[in-house]
Amino acid sequence: MSYADRQDLIDRFGQTEIESLDPGAADGAFARVTTALADAAAEIDAVVAAAWDLPLPPGPWPLLVAIASDIARARLYDDVAPETVTARATRARAKLRSIPEGRYQLLSVAGDIAPRRAGSGVQHVPPAGPMAQALRRHCGRTS
């Protein structure tokens, strides 16, 4: 499943930059863009599959579009990407890793939340032991 497309990259980063990073763009091939987007989608799938059945219901999923775009853009640079591009990709990957933890919901443009796979939710297990019990008793006081 592709989360972003060439137009998403152009909308976010400009046609000049995207075409300069993909020499085949002049011929309409966009082979490097296609590969970068596929690599970004594979990276996203590997993380999202921990809590959701793939493929996700039809989107688009704006959070995943943004993450895929930032990752794909960084992949388009041959050797060293500019620091701002690398920083955006690093933040996108950090955000991606926090999705299965429950820090973000997968919300579609239509406002639908992607249903998590049963049993994959973040579960809170309260600590046990005498200190934890005393703390819970103390916090439960109304005075």
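Where is the place of Glu17? Glu17 sits in helix 2, which covers residues 15-21. The legends below start with the whole chain and then visit a few spots one by one; please keep in mind that this is a predicted model.

**View 1. The whole chain is built with six helices and zero strands.** Welcome to the overview. The chain has 143 residues, and 36% of them count as buried. Among the contacts with a separation of 6 or more, 70% are between residues 24 or more positions apart. The chain exposes about 8,800 Å², with carbon and sulfur atoms supplying 55% of that area. Salt bridges are worth looking out for here, as the structure holds seven of them. The next views zoom in on some of these.

**View 2. Glu17 and Arg73 meet through their side chains in a salt bridge.** The N to O distance in this salt bridge is 2.9 Å. The pair links distant parts of the chain, with Arg73 in helix 4 (residues 62-76) and Glu17 in helix 2, 56 residues apart. Both Arg73 and Glu17 are buried. For Glu17 the relative accessible area is 17%, and it counts as buried because that value is under the 20% limit. Take a look at the surroundings of Glu17 as well: leaving aside neighbours within four places in sequence, Glu17 is in contact with Arg73, Tyr77 and Val85.

**View 3. Asp78 and Arg32 form a salt bridge between a loop and a helix.** The closest N and O atoms of Asp78 and Arg32 are 3.0 Å apart. Asp78 belongs to the loop between helix 4 and helix 5, while Arg32 belongs to helix 3 (residues 31-48). This pair, too, links distant parts of the chain, as the two residues are 46 residues apart. Arg32 is partly exposed, and its relative accessible area is 27%.

**View 4. Glu43 and Arg93 form a salt bridge and belong to a network.** In the salt bridge of Glu43 with Arg93, the closest N and O atoms are 2.5 Å apart. Glu43 lies in helix 3 and Arg93 in helix 5, so to speak two distant parts of the chain that the pair links across 50 residues. Arg93 is partly exposed, with a relative accessible area of 25%. Which residues make up the network of salt bridges? Asp39, Glu43, Arg75 and Arg93 are linked in it.

**View 5. Ser98 is a buried residue of helix 5.** Helix 5 covers residues 83-98, and Ser98 has its place there. Is Ser98 buried or exposed? Ser98 is buried, with a relative accessible area of 3%. A polar atom of the Ser98 side chain lies 2.8 Å from the backbone oxygen of Lys95. Not counting residues up to four places away in sequence, Ser98 touches Arg103 and Tyr104.

Conventions: Residues are numbered from 1 along each chain as its sequence is written. This is a predicted model: local features need pLDDT of at least 70, side-chain atom pairs count only at pLDDT 80 or more; totals for chains, interfaces and linings use all residues. Side-chain values use heavy atoms; hydrogens and water are left out. Helices (H or I, at least four residues) and strands (E, at least two) are DSSP runs, numbered from the N terminus. Buried means under 20% relative accessible area, exposed over 50%, partly exposed in between (1.4 Å probe, protein chains only). Contact means heavy atoms within 4.5 Å. A polar contact is a pair of N or O atoms within 3.5 Å; within protein, one must be able to donate a hydrogen and the other to accept it, and residues adjacent in sequence count only if both atoms are side-chain atoms. Accessible areas come from the Shrake-Rupley method with a 1.4 Å probe; for residues, only the protein chains shown count as cover. A salt bridge is a side-chain nitrogen of Lys or Arg within 4 Å of a carboxyl oxygen of Asp or Glu.
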